[in-house]
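Welcome! Here is a short briefing to read alongside the sequence and the 3D view.

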Amino acid sequence: MTFASSIRSSTILLKVVLSIVLVSFILAWISFVTASWGDGYSGNSLLGYGLWRRCNDIETNPACENIEGWNLHWYRAVQAFAIFGFVSVNFCLFFVLLLMFVESCSKGRSLSLWVSVLGFWSALSYAVAIIVFAGSFDSSFTDAASPNQHLEYGWGLAIVVAVLQIFVGALMIFESRNTGAKFMDL
């Protein structure tokens, strides 16, 4: 089966899901690696806080500090749930590609259900990470004399990914019903 014939033989719903998952995949990667989930200030320097590092904006001495093992329990929870969501988005894309381009997988009923389950799981995981980060990223991340801290685009992209994954989960339920799959097939 060629690439073009695989695309043509796929349902409209599966093509829409592939488009949504691709966008979600790209945004999840950007959100996962950026140092901009939130900004805080230290003196005259803006500090960008991401999931894995904290970077300043000083042109003469730019520096990033690795915060992988940071001993803040809520930050570890954000990292853990972001990992769950991120990995689930990656598996969703992989499974959708299998459904579309591998003939033996396109006949299987349970794979579409797994995409649905992973879509909802990733949305839930990202929702927990988003809520915990927003609730815990407070004034302790900035100097008292500096402007307030604020949430940044990496955090916003995680919200977009969570919403897109809800659509993926819902659309894949309809797709799996069209193939005759039942939740007992999981």
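Cys55 and Cys64 form a disulfide, with their sulfur atoms 2.0 Å apart; a disulfide here is a pair of cysteine sulfur atoms within 2.5 Å. This is a predicted model, in which local features need pLDDT of at least 70 and side-chain atom pairs count only at pLDDT 80 or more, while totals for chains, interfaces and linings use all residues. Residues are numbered from 1 along each chain as its sequence is written, and side-chain values use heavy atoms, leaving out hydrogens and water.

**The disulfide and the cysteines**

- Searching the whole structure turns up 1 disulfide.
- The torsion about the S-S bond of Cys55 and Cys64 is about 110°, so this disulfide is right-handed.
- Cys55 is buried, at a relative accessible area of 13%, whereas Cys64 is partly exposed, at 48%. (Buried means under 20% relative accessible area, exposed over 50%, and partly exposed in between, using a 1.4 Å probe and protein chains only.)
- Cys92 is buried too, with a relative accessible area of 0%.

**Helix 2 and helix 3**

- Two packed helices are described by the angle between their axes and the distance between the axes.
- The axes of helix 2 (residues 12-33) and helix 3 (residues 73-101) come within 9 Å and cross at roughly 150°. (Helices are DSSP runs of H or I, at least four residues, numbered from the N terminus; axes are lines fitted to C-alpha atoms over the stretch in contact, with angles from 0 to 180 degrees between N-to-C directions.)
- That angle makes helix 2 roughly antiparallel to helix 3, a term for angles over 145 degrees.
- Helix 2 passes helix 3 in a left-handed crossing, meaning that the near helix is turned anticlockwise from the far one by less than a right angle.
- Among the residues that meet are Leu14, Leu18 and Trp29 in helix 2, and Phe86, Cys92 and Met100 in helix 3; contact means heavy atoms within 4.5 Å.
- By class, this contact of helix 2 with helix 3 has 19 nonpolar, 2 polar and 1 charged residues. (Ala, Val, Leu, Ile, Met, Phe, Trp, Tyr, Cys and Pro count as nonpolar, Asp, Glu, Lys and Arg as charged, and the others, Gly among them, as polar.)
- Met100, found in helix 3, is buried at 3% relative accessibility.
- Met100 and Leu18 are 82 residues apart in sequence and 8.8 Å apart in space, C-alpha to C-alpha.

**Helix 5 and helix 6**

- The axes of helix 5 (residues 110-136) and helix 6 (residues 153-178) come within 7 Å and cross at roughly 155°.
- That makes helix 5 roughly antiparallel to helix 6, and their crossing is left-handed.
- The contact of helix 5 with helix 6 involves 19 nonpolar, 7 polar and no charged residues.

How values were computed:
Helix = DSSP H or I, 4+ residues; strand = E, 2+ residues; numbered from the N terminus. Parallel < 35°, antiparallel > 145°, perpendicular 65-115°, else oblique.
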